[in-house]
Amino acid sequence: MAESIDDPANPNEPQVWIGLAESKLEHARLIFRLGLYDDAISAAYYAMYYAAKAALLTEGLDLRKHSSAVLKLRELFVLTGKLDAEYLRLLSRVQTARERSDYNPLNPASKEDAAEVLKMASSFIARIKEIIAQKNSGS
C-alpha cells in the first residue's frame with residue numbers, strides 16, 4: 001500500500017481505506033503484543049472507522065465526523081439490511097472503549113478488554129470487506 005509522493009493514493013477510493021483499516025488493525029495487534037492495551041484499543045477503533053469510511057465511500061459519501069459516519073452507516077447499510085445491527089453495536093462498543101482508553105488513562109484497559117476489542121475489530125472489518133466485494137461484483 002506504500003504509495004510514493006509522486007503517486008499518492010486516491011482518498012476517495014474505498015480500497016485505499018480498507019487497506020488502511022487492515023494496516024491499522026495489524027498495528028493494533030503489534031501494540032497489543034507489547035502490552036500497550038489502551039493504545040491497541042485506540043488503534044483497533046481507528047481500523048474500524050477506516051473500514052466504515054470505506055463502506056460509505058462506496059455510496060459516494062466522504063464524512064469526516066465519526067458521529068456522522070455512524071449515523072450514515074446505520075441509514076445506508078443497517079436499515080437496508082446490508083449490515084446486521086450487531087456490527088454497528090460493535091463499532092459503538094469499541095468507540096466507547098477507545099474514548100475510555102484515550103481520556104481516562106488512570107483506569108487502564110486490561111489484556112482481556114483489549115483482546116475482545118481486537119476480535120470485534122477483526123469481525124467488523126471482515127464484514128465490511130464482504131459488503132464492498134459484493135457491491136463491486138454487482139450483487
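Biologist: Is Arg127 buried or exposed?

Modeller: This is a predicted model, in which local features need pLDDT of at least 70, side-chain atom pairs count only at pLDDT 80 or more, and totals for chains, interfaces and linings use all residues. Residues are numbered from 1 along each chain as its sequence is written, and side-chain values use heavy atoms, with hydrogens and water left out. Buried means under 20% relative accessible area, exposed over 50% and partly exposed in between, with a 1.4 Å probe and protein chains only. Because its relative accessible area is 16%, Arg127 is buried.

Biologist: Which residues does Arg127 touch, not counting residues up to four places away in sequence?

Modeller: Arg127 is found in helix 5, where helices (H or I, at least four residues) and strands (E, at least two) are DSSP runs numbered from the N terminus. Taking contact as heavy atoms within 4.5 Å, and leaving out residues up to four places away in sequence, Arg127 touches Lys82, Leu83, Tyr87 and Gln134.

Biologist: What is the mean pLDDT of the protein, and where is confidence highest?

Modeller: pLDDT is the predictor's confidence in each residue, from 0 to 100. The mean for the protein is 91, and 94% of its residues reach 70 or more.

Biologist: With which residues is Ile128 in contact, leaving aside its neighbours within four places in sequence?

Modeller: Ile128 is among the residues with the most contacts inside the largest core. Once its neighbours within four places in sequence are set aside, Ile128 is in contact with Ile18, Ala51, Ala55 and Leu83.

Biologist: What covers the buried residues of helix 4?

Modeller: Helix 4 (residues 85–103) has 19 residues and reaches 27 Å from its first C-alpha to its last, close to the 27 Å expected, the expected span being 1.5 Å times one less than the number of residues. Its buried residues are Tyr87, Leu88, Leu90, Leu91, Val94, Gln95, Ala97, Arg98 and Ser101. What covers them includes helix 2 (37–57), helix 3 and helix 5 (111–137).

Biologist: Why is the pair of Tyr46 and Tyr50 classed as tilted?

Modeller: Rings of Phe, Tyr and Trp (its six-membered ring) pair if their centres lie within 6.5 Å, and planes under 30 degrees apart count as stacked, over 60 as edge-to-face and the rest as tilted. By this rule the count comes to 6 aromatic pairs. The rings of Tyr46 and Tyr50 have centres 6.4 Å apart and planes at 55°, so the pair is tilted.

Biologist: Which residues do ring pairs link into a cluster?

Modeller: Tyr46 and Tyr50 both lie in helix 2, 4 residues apart, about one turn of the helix. Ring pairs link into a cluster Trp17, Tyr45, Tyr46, Tyr49 and Tyr50.

Technical notes
A nonpolar core is a set of buried Ala, Val, Leu, Ile, Met, Phe, Trp, Tyr and Cys residues joined through side-chain atoms within 4.5 Å.
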